[in-house]
Amino acid sequence: LLETLDAILKHWDNLPAATEAIETYLTGIPEARCFSTRLFKKAIELQQLGQIEEAISFVKICLKFDSENFEYLWYITTYLQESGQPIESIEYAQQCLQAGGDRAEKVAAMYLLLKGLMQSGGNWERACQVEADYRHFLCDLSQSQEPIKIKTLVKILTSGIYFSYFRDRP
């Protein structure tokens, strides 16, 4: 069955039926969690090809098998924001914040939450609170001796650009 799923992924050509088939197959096999890693890689590939909605669908399937996976949550939040779905991204950003295991991951998730709040409009007070929390966590992180994973560090470094925009200090 995993070979069939691999073949579907390899020859996937943006057919909704293929996405449904993958989801259906995965719900019936105990090895689904290990296959979700391959599915996640395909989602990243699809996003890079500009097929954002398909990437979102694939990551949502991955989350069915590992709903607290920080990477899956971070990427789906990013993809939703990229595709103009900020309100839905807020829900995933909050889950990402909950799933963050260390301070660095929480800082990265707070940035996504703040970005979603700003993109959705009408959430200024909540965005200000999240921004203050973000700065507090970032300060704590900078003073700690806690090691930071490279993937998480990149997410944090790219978030800094947003704050001159947030504070309107270009």
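The structure holds six salt bridges, a salt bridge being a side-chain nitrogen of Lys or Arg within 4 Å of a carboxyl oxygen of Asp or Glu. This is a predicted model, in which local features need pLDDT of at least 70 and side-chain atom pairs count only at pLDDT 80 or more, while totals for chains, interfaces and linings use all residues. Residues are numbered from 1 along each chain as its sequence is written, and side-chain values use heavy atoms, with hydrogens and water left out.

**Stop one: K42 and E45.** Select both residues in helix α3 (residues 32-48), where they sit three residues apart, about one turn of the helix; helices here are DSSP runs of H or I, at least four residues long, numbered from the N terminus. K42 forms a salt bridge with E45, with 3.2 Å between the closest N and O atoms. K42 counts as buried at 11% relative accessibility, whereas E45, at 38%, counts as partly exposed. Buried means under 20% relative accessible area, exposed means over 50%, and partly exposed lies in between (1.4 Å probe, protein chains only).

**Stop two: K155 and E71.** Next select K155 and E71, whose salt bridge has its closest N and O atoms 2.6 Å apart. Because K155 lies in helix α9 and E71 in helix α5, the pair ties together parts that are 84 residues apart in sequence. K155 is buried, with a relative accessible area of 5%, and E71 is also buried, at 17%.

D66 is buried at 19% relative accessible area, and N69 is buried at 18%. Which residues does D66 contact, leaving aside its neighbours within four places in sequence? They are R33 and Y72, where contact means heavy atoms within 4.5 Å. The side chain of N69 makes a polar contact with the side chain of D66 at 3.2 Å and reaches the backbone nitrogen of Y72 at 3.0 Å. A polar contact is a pair of N or O atoms within 3.5 Å; within protein, one must be able to donate a hydrogen and the other to accept it, and residues adjacent in sequence count only if both atoms are side-chain atoms.

**Last stop: L157.** Finally, select L157 in helix α9 (residues 150-159), which counts as exposed at 59% relative accessibility.

Methods
Helix = DSSP H or I, 4+ residues; strand = E, 2+ residues; numbered from the N terminus.
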